[in-house]
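Here is the note you asked for on this model. The points are numbered and can be read separately.

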Amino acid sequence: MVTDTFTFDTGIFGFFYKILRPVEWLVTYVMVWCHKFLTLIGFPSGPGIAWAISVVMLVILVRLCILPLFIKQMRSMRRLQALQPQLKKIQNKYKGKKDQASKEAASRETMKLYQDNHANPAGSCLPMLIQSPVFMTMFYVLSAVPFIAKGKREPLGAFTKSVAMEFEQTEIFGVHISNNLTNTEGPGRIVIIVFIALMCLTMFYSQFHNTRKNTPRASMEGTQYRMQKMMAYIFPVMYIFSGVAFPFAVLIYWLTNNTWNLGQTMWQVWNMPTPGSPAAEEKEIRDHTRENERRSKSGQMSLEDEALVKAKEAQEEKAQAGTHQRYQPSKKKSKKKGK
């Protein structure tokens, strides 16, 4: 049931979402452009699956836009995680020292460690800071659709009353795209519950996999590591309650976003693991095997054989050097005899 007042246009929410109005306008136009593109290539116009896919395309476009930032974040996190053992040494060095000089020295050594290794703790939060307003904007726009469709709110960007009506009438898997769990009945509820479960599962596994595989072994202890593991369980549970109130379109957006996150995390852990982590050890073994296979195909000796040859050469050089040194006294002796 739609009330006469859109809650997010009033109070503190109204003030906050007015600040985000340019992003809201952009989101509506991107979705309408995606819908036009889909109908152009053959999807049916009007209410239909093209609107649901336009939500998915919006996620993909946003994620592609922030992909360079993600790569930067990934490298920054790798450097920060690799520095954890050294940071721990600094913390232990000044543990229990509460005088100002010790605090300044600890801060100075920590900053120097970051600078020397080109690590920036704030850099790892940037993609998340950018994604949050986009997600909140998406939530606002999709929540406003029923009010725009029923003429209880002014049009928003490309979402005129007719476009909002078309969007609201879209039905996917038996669920209206603007409905949530509380105002859906029958099999539609099961579909929404499945989407919420998948949303939480992808989020949980993404965090769990990253914590378990991509944390340096030296950092797999202490309060911070326990907190990371705990957050992997707490966040998905929190989103269960949020997912109940969110429109189905937001769930589509969220599930797509979490699936992208999961794929991104799996790729990162596989290809660019943190040094010293279990994933890095596994990658080292994979790289070693791959290099041996490449050498075998090209007729070259394996890494083990090459190491053995080098060890023998080093041993022979050492032996020759030792022989040369042993002959030096006799050389002097012969010179004396010659005199």
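1. A residue counts as buried when its relative accessible area is under 20%, as exposed when that area is over 50%, and as partly exposed in between. Ser178 has 10% relative accessibility and therefore falls in the buried class. The residue sits in the loop that runs between strand 2 (175-176) and helix 9 (187-213). Setting aside residues up to four places away in sequence, Ser178 touches Pro146, Glu168 and Pro247.

2. The model is a predicted one. Its secondary structure comprises 13 helices and two strands. Of the 339 residues in the protein, 39% count as buried.

3. On overall dimensions, the radius of gyration is 30 Å, whereas a compact globule of 339 residues would have one near 20 Å. Along the principal axes, the C-alpha atoms fill a box of roughly 120 × 65 × 35 Å. Among contacts with a separation of 6 or more, 68% come from residues 24 or more positions apart.

4. How do helix 1 and helix 2 cross, and how close do their axes come? The axes of helix 1 (residues 11-19) and helix 2 (residues 21-40) come within 4 Å, and the crossing angle is roughly 65 degrees. Angles of 65 to 115 degrees count as roughly perpendicular, so the two helices are placed in that class. Helix 1 contributes Tyr17, Lys18 and Ile19 to the contact, and helix 2 contributes Arg21, Pro22 and Glu24. Sorted by class, the contact has three nonpolar residues, three charged residues and no polar ones.

5. Trp25 also belongs to helix 2. Its relative accessible area is 41%, so Trp25 is classed as partly exposed. Not counting residues up to four places away in sequence, Trp25 touches Leu156 and Gly157.

6. How many disulfides does the model have? The count is zero. A pair of cysteine sulfur atoms would have to lie within 2.5 Å to qualify. For Cys34, the closest cysteine sulfur is that of Cys65, and at 11 Å this is too far for a bond. Cys34 is buried, with 6% relative accessibility. Cys200 is likewise classed as buried, at 8% relative accessibility.

7. The backbone at Phe173 may be worth a look. Phe173 is not a glycine, yet its phi is positive, at about 55 degrees. The residue is found in the loop between strand 1 (171-172) and strand 2. Phe173 counts as exposed because its relative accessibility is 58%, and the cut-off for that class is over 50%.

8. Lys283 is placed in helix 12 (residues 278-297). Is Lys283 buried, exposed or partly exposed? With a relative accessible area of 21%, Lys283 is partly exposed, since the buried class requires a value under 20%. Apart from its neighbours within four places in sequence, Lys283 is in contact with Trp270, Asn271 and Pro273. Its C-alpha atom is separated by 9.1 Å from that of Val269, which is 14 residues apart from Lys283 along the chain.

Notes:
Residues numbered from 1 in each chain as written. Predicted model: local features only at pLDDT ≥ 70, side-chain atom pairs only at ≥ 80, totals over all residues. Heavy atoms only, no water. Axes fitted to C-alpha atoms, helices over the stretch in contact; angles between N-to-C directions. Parallel < 35°, antiparallel > 145°, perpendicular 65-115°, else oblique. Contact = heavy atoms within 4.5 Å. Nonpolar A, V, L, I, M, F, W, Y, C, P; charged D, E, K, R; others polar. Buried < 20%, exposed > 50% of the residue type's maximum accessible area, 1.4 Å probe, protein only. Rg over C-alpha atoms; globule rule 2.2 N^0.38 Å.
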